[in-house]
Each structure stands twice: as structure tokens, then as C-alpha cells.
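Please keep the sequence and the structure at hand while reading.

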Amino acid sequence: MQQRLAELLVYMDETRDRLVAEVSSINPAFAAMKPRADCWSVEENVAHLAMVEPGVARLVCHGIEWGRSNGVGAPTSDDSVLGSLDRYALTEVVRKMDAPSSVAPPTDKRVAESLATLAASRVRLREALVAADQLDLVQVKRPHRILGEIDLYQWALFVAQHEERHRKQIARTIAELTELAAESAPIV
């Protein structure tokens with residue numbers, strides 16, 4: 001397997017592991033709570049991710065099919081792609097970004113259900129990327145609504161960085177809810 005792809009898959013696994021660790025022990029009632037009206041609950045964050053990733057997996061699969069049928073050759077570089085989206089600071093929660101209505105999370109999808117959807121879409125995405133190891137996915141580009149034209153490696157990187165951004169939002173939400181609970185607890 002090419003080094004570029006191997007390192008991308010490891011990064012995707014690491015971000016997923018952090019997300020699962022962050023949400024795996026949350027009480028379901030707590031996961032549905034919002035510390036403020038203008039932010040998403042833990043459930044909503046994970047449900048949003050479970051809506052985005054399957055779409056990206058489909059996009060990558062279709063892009064790979066297009067690459068195969070349009071003569072995209074073997075990779076010409078093994079340079080890392082991990083820093084290729086850094087200018088967008090996707091993992092940093094410095095400003096609120098509104099999700100398109102098509103991926104606005106439902107309010108009734110439980111964390112476990114969303115994690116199962118994420119696990120299935122990750123299998124599909126990984127299998128497609130591994131099967132395309134001998135294609136130069138830099139040559140296959142698709143538009144992103146904010147980032148513009150990005151290649152298929154960058155789409156996979158986007159999934160992981162988007163997930164990391166929401167994991168940080170989840171951690172902040174948990175911290176705010178914990179603080180609110182401590183403030184409202186009776187003093188004994």
C-alpha cells in the first residue's frame with residue numbers, strides 16, 4: 001500500500017477512536033441535553049457526522065469508479081496529504097459553521113445508532129480507498145461547498161478532520177453540561 005494512503009487511513013482510525021472514546025460512556029439522557037439553545041447536543045453532533053460520512057463515502061466510491069473508467073493512472077507521488085487542508089483549520093472550533101439543511105441532525109437519533117451508521121460508512125470508505133491504492137486519487141477532484149475542488153485523498157481527510165472538529169465540540173458540550181450540573185447541585 002502506498003505510504004500516503006496508509007498514513008491517511010491511520011489518521012482516520014485515530015480520529016474515529018477519539019470520537020468513540022469521547023461518547024461511549026455518556027448517559028443517553030445526558031447526551032440529548034444542550035448547554036445552550038444555540039448549540040447541538042452530543043447526540044446531534046454524532047447524528048450529523050452519521051449523515052455526512054456516508055455521503056462522502058458515496059462521493060469517493062463514485063469518484064474512484066470515474067477514475068478507473070477514465071484512465072487515471074498510478075500515483076506519481078507518495079507525499080503526505082495530512083497537511084493539505086490545514087489552511088482551512090477544519091479541526092479548530094474557532095467559529096461556528098452552519099451545516100446545510102441536508103445534513104442538519106435529527107433530534108431523535110441516539111448515539112449508538114449514529115455510531116453504527118458511522119462504522120458501516122467507514123468500512124465502505126476504507127474498502128474503496130484500499131481498492132484504489134493504484135490510482136492517483138489526486139487526479140480525481142470533486143467540489144466541496146466550502147473548500148472548493150478537492151481531490152479524493154482530501155475528501156477522506158476532510159471526513160477525519162470534520163469528525164475531529166465535532167469531537168472537540170462534543171467535549172466542550174460535555175464540559176459545559178457538567179459545569180451547569182455542578183452549579184445547580186444543592187450544597188449539603
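## Terms and basis

A salt bridge is counted here when a side-chain nitrogen of Lys or Arg lies within 4 Å of a carboxyl oxygen of Asp or Glu. This is a predicted model, in which local features need pLDDT of at least 70 and side-chain atom pairs count only at pLDDT 80 or more, while totals for chains, interfaces and linings use all residues. Residues are numbered from 1 along each chain as its sequence is written, and side-chain values use heavy atoms, with hydrogens and water left out.

## Overall fold

The protein has 5 helices and 2 strands, taken as DSSP runs numbered from the N terminus (H or I of at least four residues for helices, E of at least two for strands). Along the sequence these elements follow the order α-α-α-α-β-β-α.

Of the 188 residues, 44% count as buried, where buried means under 20% relative accessible area, exposed means over 50%, and partly exposed lies in between (1.4 Å probe, protein chains only). Among contacts with a separation of 6 or more, 83% are between residues 24 or more positions apart, a contact being heavy atoms within 4.5 Å. The protein exposes about 9600 Å², of which carbon and sulfur atoms supply 55%; the areas come from the Shrake-Rupley method with a 1.4 Å probe, and for residues only the protein chains shown count as cover.

## Salt bridges

The count comes to 14 salt bridges. One of them joins the side chains of Glu 163 and Arg 16, with an N to O distance of 2.7 Å. Because Glu 163 lies in helix α5 (residues 152–184) and Arg 16 in helix α1 (residues 3–23), this pair ties together parts that are 147 residues apart in sequence. Both partners are buried, Glu 163 at a relative accessible area of 1% and Arg 16 at 10%.

Within helix α5, Glu 164 and Arg 167 also meet in a salt bridge, again described by an N to O distance of 2.7 Å; these two residues are 3 residues apart, about one turn of the helix. Glu 164 is buried at 6%, and Arg 167 counts as buried at 15%. Arg 172 and Glu 176 form a further bridge at 3.7 Å, N to O, and they lie 4 residues apart in helix α5, about one turn. Here Arg 172 is partly exposed, with a relative accessible area of 35%, and Glu 176 is partly exposed at 22%. Elsewhere, salt bridges that share partners join Arg 16, Glu 53, Arg 122 and Glu 163 into one network.

## Helix α4

Helix α4 (residues 111–131) has 21 residues, which at 1.5 Å a residue should span 30 Å, and its end C-alpha atoms are 30 Å apart, in agreement; the expected span is 1.5 Å times one less than the number of residues. Its buried residues include Val 111, Leu 115, Leu 118, Arg 122, Leu 125 and Leu 129.

## Cysteines

A search of the whole structure finds 0 disulfides, a disulfide being a pair of cysteine sulfur atoms within 2.5 Å. Cys 39 is buried at 10% relative accessible area, and Cys 61 counts as buried at 13%.
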